Amino acid sequence: MFGALRSPRNIVFGSGQRASLPGYAAALGHKVLLVTDQRMAGEETFRILESGLREAGLSVSTFAGVEAELPAECLVAGVAAASDFGAEVIVGIGGGSCIDAAKVIALIAAHGGAISDYYGEFKVPGPVLPLVALPTTAGTGSEVTPVAVVADPHRAVKVGIASPHLIPVTAICDPDLTLTCPPVLTAMSGADALVHAIEAFTTAPRSALTNITLEHVFVGKNAMTDSFAMAAIGNIGRSLAAAVKNGGDVRARADVMLGAMQAGLAFGTAGTSVCHAVQYPVGALTHTAHGLGVALMLPYALAFNREHALADIATIGRILEFATKDDDDAAAADRCIVGIADLLNTIAVPRTLAEIGVKSDDLPWIADQALAANRLIKNNPRPVDRAGMDLLIAAAFAGDLAMLTTNTKHAKAI
Ligand SMILES: NC(=O)c1ccc[n+]([C@@H]2O[C@H](COP(=O)([O-])OP(=O)(O)OC[C@H]3O[C@@H](n4cnc5c(N)ncnc54)[C@H](O)[C@@H]3O)[C@@H](O)[C@H]2O)c1
Ligand SMILES: [Fe+2]
């Protein structure tokens, strides 16, 4: 058995826990830079958090210039804000974009250089400024993960910086902060979290080579990430549709936020795979949300991987209660794929790449770019060659799950 987990020093979860921010920030330094976007900066909740920090005797400055997709200019402005202020602690408040921005600002403020110097795995040379993260979406899990995803003006597709040094010291997950998320945001960010949990649970296990955790940020499915992935799948599956339907359902909001954080713990060590590899070029082409793109791909990825991760997909089907313990693995896996496709349909995730504006001429470029994301591709339980990637993308383009099945009986079943 092999297990590994990368995680924050502190994770607090629950309604009202945002009030613990001053205590956690004060433990890390005196000058606190809040990193957020215009929307959040205009909220009463934000003003209360800001004044709470001041009342605790801390010196506070706010950078509210985070923009969707994290263009380099907004990050450069954030770094300047941190250095002008002499920030000692960086607090990211907002969706995944704001938390990822906080990570990059904490990195460049500590080590200098260009953002592109740190693309890839293990390029960050040492600790960054201490980070506290307060997510306001239940989705990316960025509050607990070692990754920041940024846009590069010289590249068509978004790129990742992955280093354990980017993990926030403290994650404060207060589901009350997600109550203002509109249904589409709730659906797409929650679906991102479900994909994180499922991809982490189905990544190819690696042989537990000594030093694997020192040489790779993402080390594949293992005993510790599995327990968080399973908990996440249960929490998100139970309540995502309810949170989308009724945004004021505090119980559902809490389940989805807890699940999103647990999914972050799972994929932050295990990694993600083909859904994420395909979303990066699809998102670049269609300007659709990250969560929408990964969720659209999920049923196709599961069908593609069915023979190589049968027991795991069957387990997911049972956790989600699409299958029972009386179903054998083959039946449970098929019910899982159909059940997930239905769940995603209920929360209005588009079913095909064609529906979101991809053209058939785009498919070879999408396949090239997806295959180039080697850190994600190598995690997939079924080895992915060019022909396999073409098939997966063609099926998702056409909305034809049966294209991915290997025998007639199974094709009929799903
Ligand atoms: N670092 C990671 O581990 C990781 C993992 C997955 C995705 N990502 C990245 O995270 C980003 C997506 O993050 P996201 O899905 O959280 O969305 P987001 O941060 O891009 O926010 C989307 C929009 O929702 C608004 N918003 C956020 N919280 C809200 C609330 N409570 N009420 C109303 N509106 C709110 C924002 O202001 C913004 O306009 C992408 O850039 C993606 O690449 C990062
Ligand atoms: Fe994601």
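Predicted model: local features only at pLDDT ≥ 70, side-chain atom pairs only at ≥ 80, totals over all residues.
Residues are numbered from 1 along each chain as its sequence is written, and chains are lettered from A and ligands numbered from 1 in the order in which they are written. Local features need pLDDT of at least 70, side-chain atom pairs count only at pLDDT 80 or more, and totals for chains, interfaces and linings use all residues, while side-chain values use heavy atoms, with hydrogens and water left out.

**Exercise 1.** Describe the surroundings of ligand 1.

*Solution.* 
Step 1. Find the shell, where a residue belongs if one of its heavy atoms lies within 4 Å of the ligand. There are 25 such residues, and Asp 37, Gly 96, Ser 97, Thr 137 and Lys 158 are the closest.

Step 2. Sort the shell by class (Ala, Val, Leu, Ile, Met, Phe, Trp, Tyr, Cys and Pro are nonpolar; Asp, Glu, Lys and Arg are charged; the others, Gly among them, are polar).

Step 3. Look for polar contacts, meaning pairs of N or O atoms within 3.5 Å. A polar backbone atom of Gly 96 is 2.7 Å from an oxygen atom of ligand 1, and a polar side-chain atom of Ser 97 is also 2.7 Å from an oxygen atom of ligand 1. For Thr 180, a polar side-chain atom lies 2.8 Å from a nitrogen atom of the ligand.

Step 4. Check the domains, whose bounds come from an automatic or database assignment. Domain 1 (10–178) and domain 2 (183–413) each give at least three residues to the shell.

**Exercise 2.** Characterise the second largest pocket.

*Solution.* 
Step 1. Apply the definition: on a 1 Å grid over the protein atoms alone, a pocket is an open set of points with protein on both sides within 12 Å along at least five of seven lines, and lining residues have an atom within 4 Å of a point. The volume is about 420 Å³.

Step 2. Examine the lining. It has 18 residues, and closest to the pocket centre are Lys 158, Val 159, Ala 372, Ala 373 and Arg 375. By class there are 10 nonpolar, four polar and four charged residues.

**Exercise 3.** How many cavities of 30 Å³ or more does the structure hold, and what lines the largest cavity?

*Solution.* 
Step 1. A cavity is a set of grid points where a 1.4 Å probe fits but cannot get out. The structure holds two of 30 Å³ or more.

Step 2. The largest cavity has about 50 Å³ of space. Its lining consists of Ala 138, Thr 178, Cys 181, Thr 186, Ser 189, Ala 243, Arg 253 and Val 256.

Key
Polar contact = N/O pair within 3.5 Å; in protein donor to acceptor, adjacent residues only side chain to side chain. Points joined across faces, edges and corners; volume = space filled by probe spheres on them.
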